Amino acid sequence: MAHDLIIFDLDGTLVDSETLANRVFYEKLVTLGLGPAFDLMRVTRDFTGLTVAKCLTLARDAYGLSDIPNGFEAELKEATYASYRAALAPIPGVPAMLEQLRQPKCVASSSAPEKIAFSLELTGLSMHFGDNLFSVHHVAEAKPAPDVFLYAAEKMGGFPPAACAVVEDSLPGATAGIRAGMTVFAYRPDSDGDAFAAMGCHVFHDMGDLPALLG
């Protein structure tokens, strides 16, 4: 089935940012007294696909870090941007994949608008999307709510959900796409993706396969 609009997640889907961002986040939480039970693997598992605000709520409620200073988010952003400047790259196969797509496409991400633009510019992908960048900061509810995908489809020209494909790598994002009534393609390069398939997602492991899957 061909799709009229392709909506991409950003982190872990277009750019290989999650390893960098989660490590920075983890190291910053350690400076606040994060205990040894909360290692980098757990932080990565818990934080992937969430906004910074939701991650901080989780740190307070589940990790017991009640004393998070007011300037923490600014320091986290500065350290994350520095990490990106040093090492951020596209997900393997993404540049060639984007060159092949002929459908309208956009980004709908849990990242802040300026971080979306920064990441795409840094990795040379911004030319594929122009100003078609949408953030959960534009809508009432973040992923796993469907708001940002429905918002993107409307802003891109009023595409009905059934005509839209969502490309995601996280469970919150895939859930948002399913709830929006869109077809979800789950990028899982290092796993079998059973949890995603059980939700009704089309699981794939190589970005080179995506153009044919999208039709």
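This is a predicted model: local features need pLDDT of at least 70, side-chain atom pairs count only at pLDDT 80 or more; totals for chains, interfaces and linings use all residues.

Colleague: How many helices and strands does the protein have?

Modeller: The protein has 10 helices and 6 strands. Helices (H or I, at least four residues) and strands (E, at least two) are DSSP runs, numbered from the N terminus.

Colleague: And what is its radius of gyration?

Modeller: The value is 17 Å, which agrees with the figure near 17 Å for a compact globule of 215 residues. The radius is taken over C-alpha atoms, and the globule rule is 2.2 Å times the number of residues to the power 0.38. Along the principal axes, the C-alpha atoms fill a box of roughly 50 × 35 × 35 Å.

Colleague: What share of the residues is buried?

Modeller: Of the 215 residues, 50% count as buried. Buried means under 20% relative accessible area, exposed over 50%, and partly exposed in between (1.4 Å probe, protein chains only).

Colleague: What about contacts along the chain?

Modeller: Among contacts with a separation of 6 or more, 68% are between residues 24 or more positions apart. A contact here means heavy atoms within 4.5 Å.

Colleague: Let us move to charges. How many side chains are positive and how many negative?

Modeller: There are 15 positive and 27 negative side chains, and the centres of the two sets lie 3 Å apart. Lys and Arg count as positive and Asp and Glu as negative, whereas His and the chain ends are not counted. The place of a charge is taken as NZ of Lys, CZ of Arg, CG of Asp or CD of Glu.

Colleague: How many salt bridges are there?

Modeller: The structure holds 5 salt bridges. The term refers to a side-chain nitrogen of Lys or Arg within 4 Å of a carboxyl oxygen of Asp or Glu.

Colleague: Which residue does Lys143 pair with?

Modeller: Lys143 forms a salt bridge with Glu168, at 2.7 Å from N to O. Lys143 lies in the loop between β3 (133–135) and α7 (147–155) and Glu168 in strand β4 (residues 164–168), so the pair ties together parts that are 25 residues apart in sequence. Shared partners also join Asp9, Lys143 and Glu168 into one network of salt bridges.

Colleague: Are those two, Lys143 and Glu168, buried or exposed?

Modeller: Both Lys143 and Glu168 are buried. Lys143 is also joined to Pro144 by a cis peptide bond, with omega about 20°. Most peptide bonds are trans, and most residues other than glycine have a negative phi.

Colleague: Which residue does Lys77 bridge to?

Modeller: Lys77 pairs with Glu114, and their closest N and O atoms are 3.5 Å apart. This pair links distant parts of the chain, as Lys77 is in helix α4 (residues 72–87) and Glu114 is in helix α6 (residues 113–122), 37 residues apart. Lys77 counts as partly exposed because its relative accessibility is 39%, and Glu114 is partly exposed at 42%.

Colleague: Since α6 has come up, which of its residues are buried?

Modeller: They are Lys115, Ile116, Phe118, Ser119 and Leu120. Their cover includes α4, β2 (105–109) and β3. By contrast, Glu121, which is also found in α6, is exposed, with a relative accessible area of 56%.

Colleague: One last topic: where is Arg102?

Modeller: Arg102 lies in the loop between α5 (94–100) and β2. Arg102 counts as exposed because its relative accessibility is 68%. The C-alpha atoms of Arg102 and Ile6 are separated by 9.7 Å, although these residues are 96 residues apart along the chain.

Technical notes. Residues are numbered from 1 along each chain as its sequence is written. Side-chain values use heavy atoms; hydrogens and water are left out.
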